[in-house]
Amino acid sequence: MTTTDRTGGVNRRDFLAASGKTAIGAAMVVGSGTLLMPAQGWGMELKALRPETMATMIQMARDIYPHDHIADRYYAIALRAHDDASVDDDAKKALLEDGVGDLNARAGKKLLGGATGDRSYLDLGWEADRVAVLHDIEDSDFFQTMRGSLVVGFYNQKELWPKFGYEGASADKGGYIERGFDDIEWV
Amino acid sequence: MTAPYDLNDDSVVVIIGSGAGGGTLGNELAQKGIDTVILEAGGRHEAHDFINDEWDSFGQLAWLDKRTTSGDWRVAKDFSGLPAWIVKAVGGSTTHWAGASLRFQPGEWKALTTYGAVEGANLLDWPITAEDMAPYYAKAEDKMGVTNTHGIPPLPGNNNFKVMEAGARKLGYKRVHTGNMAINSQDRDGRTHCQQSGFCFQGCKFAAKWSTLYTEIPKGEETGKLEVRANAHVLQIRHDKDGKVTGVLYADADGKQHVQKARIVAVAGNSIESPRLLLNSASSLFPDGMANSSGQVGKNYMRHMTASVYASFDKPVNMYRGTTMAGIIQDESVHDPSRGFVGGYEMETLSLGVPFMAAFLNPGAWGRQFAAAMDTYDHMAGMWIVGEDMPQESNAITLSDEKDQYGLPAPNVHFSDHANDIAMRDHAWKQGMAVYDAVGATQTYPTPPYPSTHNLGTNRMSAEAKDGVVNKWGQTHDIANLFVSDGSQFTTGGAENPTLTIVSLAIRQADYIAEQMGQKAI
């Protein structure tokens, strides 16, 4: 059986590594501090965390609160505070780096039937498989730190509210007295 | 025309707290010409300062000082440092409240008689009756502009109400309306009518909802007999060798401590801080805390049986538009033991914005089921359920080992549901979901209680000094010139949102204090 590869016979990961970049899932790591999402047209500079760690955290964030109509960058924005805090907080940085390391180790075992290797959380293709790993660590400080920060940091983004149909502040528009507080038609 | 009083002026009535109880009492006394100082722990934010943003407003208004929790209630696990969602600001929790203003039902004033003894519950009849309270309820409703009373027209129903109403009618419920709300349905008392902004909980920027902040307090200040001192956090109540109260120790905005002398002190810091203050005022004369000869200070903490039901539909609702709680089903508020519990509950419309819905729909939940519910946000309707919970002596405010910013023991809030509370909640969830199923809900969500907004009972009123902390006037059994003026007086909680009753009790208490002062009894 033959296969074709869009990178022209060279494994994408090897190709990127040869050019000073590494791929991790849909993301691309440049140097030691930049995470790029080429297909989505955005990237982020990391101050303390490894870009690979942030890429995994973004996937984990989506698996915790999976909204398929919301792009990765909103999850990344919600996680940025963790990178900022890790600059001066070694314990926080260790919690996140070690947490992602543990997540990858568990994913590797799942993929390789008990052996560990270089396979990672991002290599688990199905959400259900990743979620199964998350359930195993649900009570950990790492998971609860991630979930607890996301439930505020993710859903409190004003830019996201229209995607949920929420209009936010209303007093500056005179409330809803002339703007549909009682406009329901189906009951 | 505020009246600044001297720290050494020992002729003043000092009220601790400026919410429904303290703010009302302060104005009522000032109107009678009595010199009054309200010490408010929080700052003064006027209506135009309020923020139409859930988390930012929470940061502006919420009481976030150190508190700890214990007991089997889920709040202790999900919000361990935040047992209550109440306010630290001038106006107290009347800035945040939803406006629902219901009278206790006659039988609820005598819960022990009406329900009989309930195992594990510390039930007691109030030492006052529905007849005693009727004229004060009438005064409070008029003061607050409560809709559907005194000829005040109802509020219009919003989208969320229309869904709940349609479901309720299909289930056969009869007592369904837009509530008795202390929110102007027409311009009244110098304030505009409801603009349906949907941010009742964040402080009404239009001042259409009654709050002591822009009603009682400025009216009292206009008399020249009321001073409201903001950022004055009371740490301790002082007394003389005879056990008579002489003043209070408080910290100002810079943490500097002062003693304000007083002829009378009235405690109105809500049902966590009020008993905590009495306990933190322990002395050699009162080793178990002030006014605590009964041992009941801090005990019998009630928070109402609460829950919510949200439901998703195949068509939009936009529940967040308009008055948050202008909608009620009252059919289940009766005492009908055939349902498997004593007491009753109200079903009231409720909505949260996206940020708070994420935090409170099912705290701690994650994954696709949770996200799918959030994805239907604008297709959701919601209700809050509020019913009578059983007073239990073991549910209590006690002094924690942890300290607050002043080095004083923080309050620990211990709560576990009584079996009656659980049976009522299960019934209410089932009925609430049935309401929405009746109009075609595609999903329903039985949401657990939020951090407590109705904190009650921790300095309870009793006929006998051995059974409670205050008498039928809110005067402590032990100390004649020490009063309690907030919801901590409640002997039992009733099914109703408590603010109207707190305000009515404060009006009544003001009459009594004035009379006693006139007689030089205090």
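The contact between chain A and chain B takes 28 residues from chain A and 36 residues from chain B. Contact here means C-beta atoms, placed from the backbone, within 7 Å. This is a predicted model: local features need pLDDT of at least 70, side-chain atom pairs count only at pLDDT 80 or more, and totals for chains, interfaces and linings use all residues. Residues are numbered from 1 along each chain as its sequence is written, and chains are lettered from A in the order in which they are written.

**Chain B side of the contact**
- Helices α6 (159-171), α9 (354-360) and α10 (368-375) of chain B each give two or more residues to the side that touches chain A.
- By class, that side has 16 nonpolar, twelve polar and eight charged residues.

**Helix packing in chain A**
- Helix α2 (residues 51-64) and helix α4 (residues 90-112) of chain A pack at about 70°, with axes 10 Å apart.
- α2(A) and α4(A) are therefore roughly perpendicular (65 to 115 degrees).
- α2(A) contributes A:T53, A:T56, A:M57 and A:M60, and α4(A) contributes A:L96, A:E97, A:V100 and A:L103.
- By class, this helix contact has five nonpolar, two polar and one charged residues.

**Nonpolar core**
- The largest nonpolar core has 197 residues. Such a core is a set of buried Ala, Val, Leu, Ile, Met, Phe, Trp, Tyr and Cys residues joined through C-beta atoms within 7 Å; buried means 20 or more other C-beta atoms within 10 Å of the residue's own.
- A:A61, B:V13, B:V14, B:I16, B:V265 and B:A266 have the most contacts inside this core.
- Not counting residues up to four places away in sequence, B:V13 touches residues including B:L29, B:I34, B:I264 and B:I513.

Note on methods: Axes fitted to C-alpha atoms, helices over the stretch in contact; angles between N-to-C directions. Helix = DSSP H or I, 4+ residues; strand = E, 2+ residues; numbered from the N terminus. Parallel < 35°, antiparallel > 145°, perpendicular 65-115°, else oblique. Contact = placed C-beta atoms within 7 Å. Nonpolar A, V, L, I, M, F, W, Y, C, P; charged D, E, K, R; others polar. Buried ≥ 20, exposed ≤ 12 C-beta atoms within 10 Å, placed from the backbone.
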